[in-house]
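Student: Please take one part of this structure and go through it closely. I would like to look at the salt bridges.

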Amino acid sequence: MVVDLVQDAAGREGIALAHVDQQSGDRTEWIFDSKTYAYLGSRGVQVKQADDVKPGTVLEYTVVLERAVVDAQKQRPGARGAGA
């Protein structure tokens with residue numbers, strides 16, 4: 001399903017592709033910029049009551065703040081040489 005008007009952990013608005021786990025009642029959302037479709041991050045949201053967790057509770061999140069191209073596996077952006 002597509003969810004309009006979601007926010008990532010950095011507060012950026014976008015759209016999300018979502019999957020609801022019918023057993024646990026949580027929804028996993030993969031959040032994208034609504035204009036460029038760049039991946040912004042993900043979050044898990046409880047959508048139905050489960051034990052003491054109320055619907056609407058954010059369970060977890062990830063956020064992509066920086067992207068870069070490197071020359072080698074395990075090389076970090078701005079570093080010189082592999083594994084730097």
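Tutor: Glu29 is buried, at 0% relative accessibility, where buried means under 20% relative accessible area, exposed over 50% and partly exposed in between (1.4 Å probe, protein chains only). This is a predicted model, in which local features need pLDDT of at least 70 and side-chain atom pairs count only at pLDDT 80 or more, while totals for chains, interfaces and linings use all residues. Residues are numbered from 1 along each chain as its sequence is written, and side-chain values use heavy atoms, with hydrogens and water left out.

Glu29 forms a salt bridge with Arg43, at 2.4 Å from N to O; the term stands for a side-chain nitrogen of Lys or Arg within 4 Å of a carboxyl oxygen of Asp or Glu. This pair links distant parts of the chain, 14 residues apart: Glu29 lies in strand β3 (residues 26–32) and Arg43 in strand β4 (residues 39–46). Strands are DSSP runs (E, at least two residues), numbered from the N terminus. Arg43 is buried too, at 18% relative accessibility.

Glu29 also has a salt bridge with Arg27, with the closest N and O atoms 2.8 Å apart. Arg27 has a relative accessible area of 17% and is therefore buried. Through shared partners, the salt bridges join Arg27, Glu29 and Arg43 into one network.

Val3 is in contact (heavy atoms within 4.5 Å) with residues including Arg27 and Glu29, its neighbours within four places in sequence left aside.

The whole structure has 3 salt bridges. One of them pairs Asp8 with Arg12, at 2.6 Å from N to O. Asp8 is buried at 6% relative accessibility, whereas Arg12 is partly exposed at 29%.

Technical notes. Helix = DSSP H or I, 4+ residues; strand = E, 2+ residues; numbered from the N terminus.
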